[in-house]
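Hi,

Here is the structure I promised to pass on. Have a look at it first, and then read my notes below.

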Amino acid sequence: MDSDTDMQRTIIICGYGPGISDAVANQFGGEGFQVALVARSADKLEKARGTLQTRGVKAAAFPTDLSDPNAAKGLVKRVTDQLGPVTAIHWNAYANTAGDLMAADATALRTGFDVSVTSLVLAVQEAFADLKAAKGAVLVTNGGLGLFDPKVDAMAVQWNSMGLAIANAAKHKLIGLLSEKLRADEITVGEVVVLGLVKGGVWDTGNATVDPRTVADKFWEIYSQHESRVVTVS
C-alpha cells in the first residue's frame, strides 16, 4: 500500500463475481483502495471479502439487489457510512433477462434495463459529490452483444440473450452521455467492451479466451491516466 491518503480511496464494485470484477477488486485493492463488494449473495461476498483481507486489502460486503434502482441509490450511503467517500464505481452488473423478445413480459424487459442503466445512473447521482471531490471515475464493463452489427444480432437471437443485447447497447450510449456530462467535473468515465468469453467467468465452459486481469489492467489505466475512453478487449 502506498500511503495513508491512498488507503482512504474506495472503489465500489457492483455486480461482483468470478472473472472481471474479482480481477478489478484485486487490481485496485493492490493499489491501496478499500473495496466495497456488491452482489445479491451475502455468502459469496463474505467469502470474497475474506480472501481479499488475507491479501492485505480492506474490503467490505454490501449485499444488494441492483435490479432495484432505489436499493442501488441507497447502497452508496451504506458504503460511505462504513468506508468513507467514494473514489470510483466499477459497474459490472447485468441481468440476462428477456432472452426471447417474443416471450418476455414487462418485468423481464425492465429488469435488464434497470440493472444496466437505471441503477447505474442513480448510483452515480448519489456518489456525484464524492466523485467530483476526488476527481474519481465511473468504470463500466460492457459486452459485444450491444454492438450494432447484423452478425451480433443473429448471435444474440441464437443465444437467447436479446434483452441483454438491448441493455448493453443502452449502457454504451449512457457511457458516452456520462462522459460528456461529467467532463467539466473532471470525473473520468471509462468503458471496457469485452469481445469474447472471460476465463473463470460465469459464461466460461472451458473455451474462454479473455484474461480478466487484462480487463482489470485496462480499467486501472483509464483511472490512473484520468482519461475517459472506450476500450475493447478480445
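Before we talk about charge, one convention: Lys and Arg count as positive and Asp and Glu as negative, while His and the chain ends are not counted. On that basis the protein has 22 positive and 26 negative side chains. The centres of those two sets lie 1 Å apart.

Keep in mind that this is a predicted model. How high is the mean pLDDT of the protein? It is 94, and 97% of the residues reach 70 or more. The stretch to watch is residues 1-6, where the pLDDT is below 50. Beyond near neighbours in sequence, that stretch has 10 contacts in the model. Where pLDDT is low, the predicted coordinates should not be read in detail.

Now the overall picture. You can find 8 helices and 7 strands in the protein. The radius of gyration is 17 Å, close to the 17 Å that the globule rule gives for 234 residues, so the protein is as compact as a globular protein of that length. If you follow the C-alpha trace along its principal axes, it spans about 55 × 40 × 30 Å.

Among contacts between residues at least 6 apart in sequence, 68% join residues at least 24 apart.

Start with Pro69, which sits in helix 4 (residues 69-83). Is Pro69 buried or exposed? Its relative accessibility is 17%, and buried means under 20%, so Pro69 counts as buried. Leaving out residues up to four places away in sequence, Pro69 touches Asp114, Thr118, Ser119 and Leu122. Also look at Leu120: Pro69 and Leu120 are 51 residues apart in sequence, yet their C-alpha atoms are 8.0 Å apart in space.

Next comes helix 7 (residues 162-182), which holds Ser179 and also His172. Ser179 is buried, with a relative accessible area of 12%. Not counting residues up to four places away in sequence, Ser179 touches Val189 and Ser228. His172 is partly exposed, at a relative accessible area of 39%. Which residues is His172 in contact with, once its neighbours within four places in sequence are left aside? They are Asn142, Glu191 and Val230.

Last, two backbone angles. Most residues other than glycine have a negative phi. Against that background, Asn160 has a positive phi, near 60°, and is not a glycine. Where is Asn160 found? It is in the loop between helix 6 (150-158) and helix 7. Asn160 is partly exposed, with a relative accessible area of 42%. His226 is not a glycine either, and its phi is positive at about 50°. His226 lies in the loop between helix 8 (212-225) and strand 7 (229-233). With 34% relative accessibility, His226 counts as partly exposed.

Happy clicking!

Terms used
Residues are numbered from 1 along each chain as its sequence is written. This is a predicted model: local features need pLDDT of at least 70, side-chain atom pairs count only at pLDDT 80 or more; totals for chains, interfaces and linings use all residues. Side-chain values use heavy atoms; hydrogens and water are left out. Helices (H or I, at least four residues) and strands (E, at least two) are DSSP runs, numbered from the N terminus. The radius of gyration is taken over C-alpha atoms; the globule rule is 2.2 Å times the number of residues to the power 0.38. Contact means heavy atoms within 4.5 Å. The place of a charge is taken as NZ of Lys, CZ of Arg, CG of Asp or CD of Glu. pLDDT is the predictor's confidence in each residue, from 0 to 100. Buried means under 20% relative accessible area, exposed over 50%, partly exposed in between (1.4 Å probe, protein chains only).
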